[in-house]
Amino acid sequence: MQQLIDGVHRFRREEFGQYQELFRHLAEQGQKPHTLFITCADSRVLAELITQSQPGELFVIKNMGNIVPPATAVGSTNSTAAAIEFAVEVLEVGDIVVCGHTQCGAMDALLADAPVPSTMPHLTEWLEVAGNVRQVITERYHHLGDLGAQSTAAAEENVLFALENLHTYACVAKQLLAGKLRLHGWMFKISTAELFSYDPARNIFVDIAAGQPPAAR
């Protein structure tokens, strides 16, 4: 905790000056982010850092495994759904990025034979929202003997399922039909900080730094 408190003091003392006008503007004008960024709660994945975005530019949802439940999900799985609706309907973002990552603990747990301990019932329920990912890995990726490779494949498939589920939201469907919204699937490789974007034409994730990002899905 002391590390956090020291960071607050350091920010106020050394960095706030360069952001003062920006925060004043955001306080007066409200937020108008251009992108909804859905990513994992993993502490190594920081949307603003890897995209070099300023305060107010991204509306970020972080949850276990960057899972997007279908619009029909209810109960404890609905917090993400509420944020999606707010970002699209109220803030009118123009883009939605779903960003998975390598070495994802949620994907490891999803694929593991051992059940999640009974002391974590909410985690068990949440992971089952992405149960289709487990089925796809079993059916199509059994040739990958390495658990790390299977986990990465699961993370990629999870991003694709998230993009499909986004289409089930009425507000998302409406904005897509109007041509006012674009969906993007990304993968972040932690060890190298590389970002890959899903190319629907080739059905692969391609390195964003190698050129222009592929068309939105």
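Which residues do ring pairs link into a cluster? In this predicted model, the cluster consists of Phe11, Phe16, Tyr19 and Phe23. The count of aromatic pairs comes to 7. One of them joins Phe11 and Tyr19, with ring centres 6.4 Å apart. The planes of these two rings meet at 35°, so the pair is tilted. Phe11 has a relative accessibility of 29% and therefore counts as partly exposed. Phe16 has a charged neighbour: Arg12 lies over the face of its ring, at 4.3 Å from the ring centre.

Nonpolar side chains tend to be buried together in soluble globular proteins. Here, the largest nonpolar core has 44 residues. Those with the most contacts inside this core are Leu36, Ile38, Ile84, Ile96, Leu166 and Val172. Helix 7 gives the most to the core, with 9 residues. A second core is separate and has 11 residues, including Val45, Val97, Phe188 and Ile190. Beyond its neighbours within four places in sequence, Leu36 is in contact with Phe59, Ile61, Ile84, Ala87, Val93, Asp95, Ile96 and Val97.

Helix 7 spans residues 147–166 and contains Gln150. Is Gln150 buried or exposed? Its relative accessibility is 17%, under the 20% cut-off, so Gln150 counts as buried. A polar atom of the Gln150 side chain lies 2.5 Å from the backbone oxygen of Leu144. Leu144 is also among the residues that Gln150 touches, once those up to four places away in sequence are set aside.

Conventions:
Residues are numbered from 1 along each chain as its sequence is written. This is a predicted model: local features need pLDDT of at least 70, side-chain atom pairs count only at pLDDT 80 or more; totals for chains, interfaces and linings use all residues. Side-chain values use heavy atoms; hydrogens and water are left out. Helices (H or I, at least four residues) and strands (E, at least two) are DSSP runs, numbered from the N terminus. Buried means under 20% relative accessible area, exposed over 50%, partly exposed in between (1.4 Å probe, protein chains only). A polar contact is a pair of N or O atoms within 3.5 Å; within protein, one must be able to donate a hydrogen and the other to accept it, and residues adjacent in sequence count only if both atoms are side-chain atoms. Contact means heavy atoms within 4.5 Å. A nonpolar core is a set of buried Ala, Val, Leu, Ile, Met, Phe, Trp, Tyr and Cys residues joined through side-chain atoms within 4.5 Å. Rings of Phe, Tyr and Trp (its six-membered ring) pair if their centres lie within 6.5 Å; planes under 30 degrees apart count as stacked, over 60 as edge-to-face and the rest as tilted. A charge sits over a ring if NZ of Lys or CZ of Arg is within 6 Å of the ring centre and within 35 degrees of the ring normal.
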